[in-house]
Amino acid sequence: MDVQQLFKDLRKEAECPLCLETVKDPRTLPCLHSFCLPCLDKHANYARRQLQTAIKCPVCQASFQIPEEDTFGSLPASFHLNRLVDLLALRDGSTESQKCGSCEENNTATHYCFGCLSFLCATCFEAHQRIKATRGHRNISVENLQADDVEELIHRPVMCSEQYHQDQPLEYYCKDCNVCTCIKCSVVSHNRHTMVDMQKAADEQKMQIDEALKKMKAEVVFFENEIEEQTALIDKNKTQISVAREKMNETVDDYIRLLTEKKAIMNARFDEINQAHQKAYTTHLESFLLAVTQLKSSLEQGENILERNINAEILRTKPVIMGRCEDLLKAEKPKIYKPPHVYYVVEDALEQDFDDSDRVVVSHTDPSSTNIERLSQKVKEQNETHFTIITRDSEGRQCYNKDDLINCKIRPSTGDSSETELDLEDNGDGSYLAEYTPSSTGLYDLKIEVNGKPLVGSPWSVQVIPHQYRLKFSFGSNGSGPGQFNGPYDIAVSKKTGTIAVSDYENKRIQLFDSKGHYLREIGLRASCTSLDFTESGQIIANTPGNVLLKISLFSEEGQFVKRINSKYLKSPFCLSTDDDDDITVCDEESNEVTVISHSGKELVTRIAASEREQSVTYAIFHNCTGCFFVSDSKADLVRVFNGSGNFLYEIGRGQLLNPVGLAIDKFNNLIVCDTGNKRLKVFSTRGDFLSETEQYFHTPYFVAVSNEGDVLVPDYEKNCVVVFQGARLTRETKILHYGRKKFTKAECPLCLETVKDPRTLPCLHSFCLLCLDKHANYARRQLQTAIKCPVCQASFQIPEEDTFGGLPASFHLNRLVDLLALTDDSTESQQCGSCEENNTATHYCFGCQSFLCIPCFEAHQRIKARRGQRNISVDNLQADDMEELIRRPVMCSEQYHQDQPLGYYCQDCNVCTCIKCGVVSHNRHTLVDMQKAADEQKMQIDETLKKVKEEVAISEKKIKDQGKLMDKNKTKISAAREKMNKSVDDCIRLLTEHKMIMNAKFDEINQAHQKAYATHLENFQLAVTQLRSFLEQGKNILGRNSNAEILRMKPVIIERCEDLSYTKKLRYTNHNVEQKNTHFGSNCGQFNGLYVIAVSEKTRAIAVNDNEDKRIQLFSSDGSYLREIGDSLETDPDIEDKEDGSYTVKYTPGQTGLYELIIKVKGQPLDESPWTVRVIQN
């Protein structure tokens, strides 16, 4: 090679990539690229100003931290580049010239001696040549360098840099210090170190470097393969996107085609209905025209005969004319054709099994005339409520059509979108009984639709009010005998048997009572009991802090000691409660914490730091429905709520409570708090809303319990008794409602919607409260009206001059019903005893004495032998037959001294019913007949009158309306229904078209995102390959130069860099499968086997599709997202919690026993072995 070209190549190799000049003080980065030290420091300073802590190699982009001293002076110098700089100094005047290594005059070197291994100036070279010992050394002139000479100079031995050793070449390697040394250094500085020949050490480390570089070659191959695989993946991804896009477009196009076909079918259906109505109209019109023609013809003939005035003709034809006219007048009149209404109904909420998601309903039912009866707009929570929907035609007559669609929903007025569909009982006569049970208090909206049209007045507002606890009775007194108390403290009720357990604190015992408060037995204790509760199995768990050995004990309900419960997690337990799992929740006085332990006491379930104040945590319970702990804080005057893990959620009662202690959950899932400081109970919802409170019946109500019947029991520590409040007793009330639903709702005044008081009957036979009638009349007077209309039938009646309807007859039947309701409804004035004068509440009825009896009278009644065997019933245990018999019981005389006599006779002179005594005293010599006989005679008269009324009703119902207007109205309705159907289908097609555009845009977005991610990952791969190849090239160059000193010096850098590159995280871009998900018109969920009809909700814009062959209806959102399926077997979506680590927790609660299928799909595809079979057994 030409020496000039060689130096040109060397100059290029020695060029700094940053300043593009020959390197000065070259330093090598760990990636083996070298730069001027000033250039590296400038690069670092710039990065510092950009608030960066690392720089990137300008050649391979490898990143390295900037040293804390802000200089890269600690990096190793480049041995090879320093050699090149030395050589370039021999030929390049712009570079600092090479100095003589023999003299001290720093003359420019002109020769190099390979024997002395030193550069020589001209003077030294002359002296070198004069000395016989050095005259024969091989030397070269700097000005006459050849290519081989340059190579030899590059590979000349490295001289030691230590003072006084500069004439010694580096020939040894110290393994202890990892440095190259000369022979003098070996003697002076590395005495007793492990020294090896430098060539041998270099050969060993060359092998290690070679192995490391082989690994780098493998890394290069790996990344090249990754790039190829990445390219294949993105190509596959493009194909998947294309296939999914095509599938989506095909599916949406199929939908549009099916919708178009459906539109044609539905229009044909409307044409069919219209033709049928037109045909019926034509037939009836022809009948009318024929009758008119016949009548006109006879009329014309008769007028002609009379006009001709020929006597013989008149006398002869008179019978014919009269006979014809009589025949025509007696002939059956053509009936007016009244076409039915036509509705197109799109069902918003499909929660039952329907054949179609939309339908055409042909019915005489008119939603604007349909009304509801007995709707109470103020009801109590958890009380079963009923009202009736009456479907009527346009003339207000009750009508029935089995195809009518009645939709009745109730939802909170607070904006909560959750709706509840009411159960409807179709009576088959145009009346529908609606039932619902409000679960919580608040204002609700009741919405009723008939054939897709809301009723007049819909939605109605219904106020659900909280249950009011009323004092029922109390039991216990001061003392130490059975059933007596000396400081009743805590109380509990067994869920298993209903037994009541009371902690008799001062008497150091536990007393047990039945659900009526009757004493059963006692359990003696060695110390006072501060708290007790029943376990699920019916055992009693009691806390006795004064008993050191048996603080928490377990007893059977019979009073036998079972075991003691010791727990290392408790210090000073004071109050306790149990949950459905028999875990024990303890308030610990010493730690001021709520500690939950297992039923054995050996395991800690959770621990709650419930208050920062000392000894303020007084009671705690766990509510299974909400999964929360409720903890009373007596010093903070509130109740705190924590979740199952013990995390604080919210407070209840701040500013409303004073020294709260005991807590309980009632039958309505409301929280009852013993507001001890205010001497009453307060009721809150579990969310913290205040609902109600009791009066101050107590002196010191510490604890509270709820019986299995819903009664609330509170021991009063100072009054030494247990107070019982009437709770949610639904069983008896429900029996009454189901037995006499139609009968007892008649006792409701249609004006005030409450049980009638002093009922009076209008001439139209409808009854109302006298007070309500008078208010109605007063309002009419203020409107300058002289009559009122019956609110039920709209019949008009004059207002009496005395401005009161007190002169109207009282309703005997309603008074009877009110008497019965008084036995079962606390809100009605109670039935009084008919035997004594004390006005006690009646508890029994004797059919022999025909009288209601209070408890003392009944006890006396049972002691009398003559009356002991008479049939009697308890008011608390009324059955349906008993109530019917009470309604039909004999009517007793109201005259003084005759109240024990039934009315059995009728005085025809006075027109009144009398008893036998009245017949002797007040109606002597009057015409008296048996009351039954008189009733039968008057029933016949009434029957005749009613027949005439029926005839009048029939005549009124035959009134004819204009046939043409009816048909025009019918055409308008059909046209509106057709327009609604077409609009619904067109909207669905529009939504599908928009969905198609959205999905195509989504596919474009996905494709762009994947391409961007692919480009980023590909760039990373290429950068990694570039760094590996560059490093591999530098390593090969070092090995190729085969300079022992350079190999030994750079070996640690090379090995460390190889390890760094080997540990670099190899991130492959994960190719996300792009498919059209099954939830977007895919397979299984979202695909159809025989699609029949499709409809769009006007309210929610949801799409409902009938999958005819699969016998299901599928719902989609407006963008085509799958929502749910409705079929013969309703599916339920469990709750799925994403752990964000690839695992998901699935939660579901089976509603009833039976065999279920559990179907699990990922990206629309079922898992292996799916579906699984799950058997739900009885708990």
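**Ground rules.** I am working with a predicted model, where local features need pLDDT of at least 70, side-chain atom pairs count only at pLDDT 80 or more, and totals for chains, interfaces and linings use all residues. Residues are numbered from 1 along each chain as its sequence is written, and side-chain values use heavy atoms, with hydrogens and water left out.

**The whole chain.** I found 20 helices and 68 strands in the chain. Helices (H or I, at least four residues) and strands (E, at least two) are DSSP runs, numbered from the N terminus. Of the 1179 residues in the chain, 43% are buried. I also looked at contacts, meaning heavy atoms within 4.5 Å. Among those with a separation of 6 or more, 51% join residues 24 or more positions apart.

**Back to F630.** F630 sits in strand β39 (residues 628–633). Leaving aside neighbours within four places in sequence, I see F630 in contact with Y619, A620, I621, H623, V639, R640, V641, I652, L663, L671 and T686. I noted 9.3 Å between the C-alpha atoms of F630 and E651, which are 21 residues apart along the chain.

**The sheet.** I then followed the strands, and found an open sheet of four with the order β38-β39-β40-β41 and antiparallel pairing. Two strands pair if DSSP finds at least two bridges between them. β38 and β41 (648–652) stand at the edges with a single partner strand each, so one side of each has no neighbour in the sheet. On average, neighbouring strands here are turned by 20° against each other, direction ignored. For such angles, axes are lines fitted to C-alpha atoms, for helices over the stretch in contact, and angles run from 0 to 180 degrees between N-to-C directions. Strand β40 (residues 638–643) pairs with β41 in the antiparallel sense over four bridges, and V641 stands opposite Y650 in β41.

**H623.** I found H623 in strand β38. H623 is buried, with a relative accessible area of 6%. Beyond four places in sequence, H623 touches C628, F630, I665, N669 and T686.

**Rings.** My search of the whole structure gave 21 aromatic pairs. Y619 lies in β38 and F703 in the loop between β45 (690–693) and β46 (705–706), so the pair ties together parts that are 84 residues apart in sequence. For the terms, rings of Phe, Tyr and Trp (its six-membered ring) pair if their centres lie within 6.5 Å; planes under 30 degrees apart count as stacked, over 60 as edge-to-face and the rest as tilted. Both Y619 and F703 are buried. Ring pairs link Y489, Y505, Y619, Y702, F703 and Y717 into a cluster.

**G479.** I placed G479 in the loop between β24 (477–478) and β25 (484–485). Not counting residues up to four places away in sequence, G479 touches Q484, F485, N486, N507 and R509.

Notes: Buried < 20%, exposed > 50% of the residue type's maximum accessible area, 1.4 Å probe, protein only.
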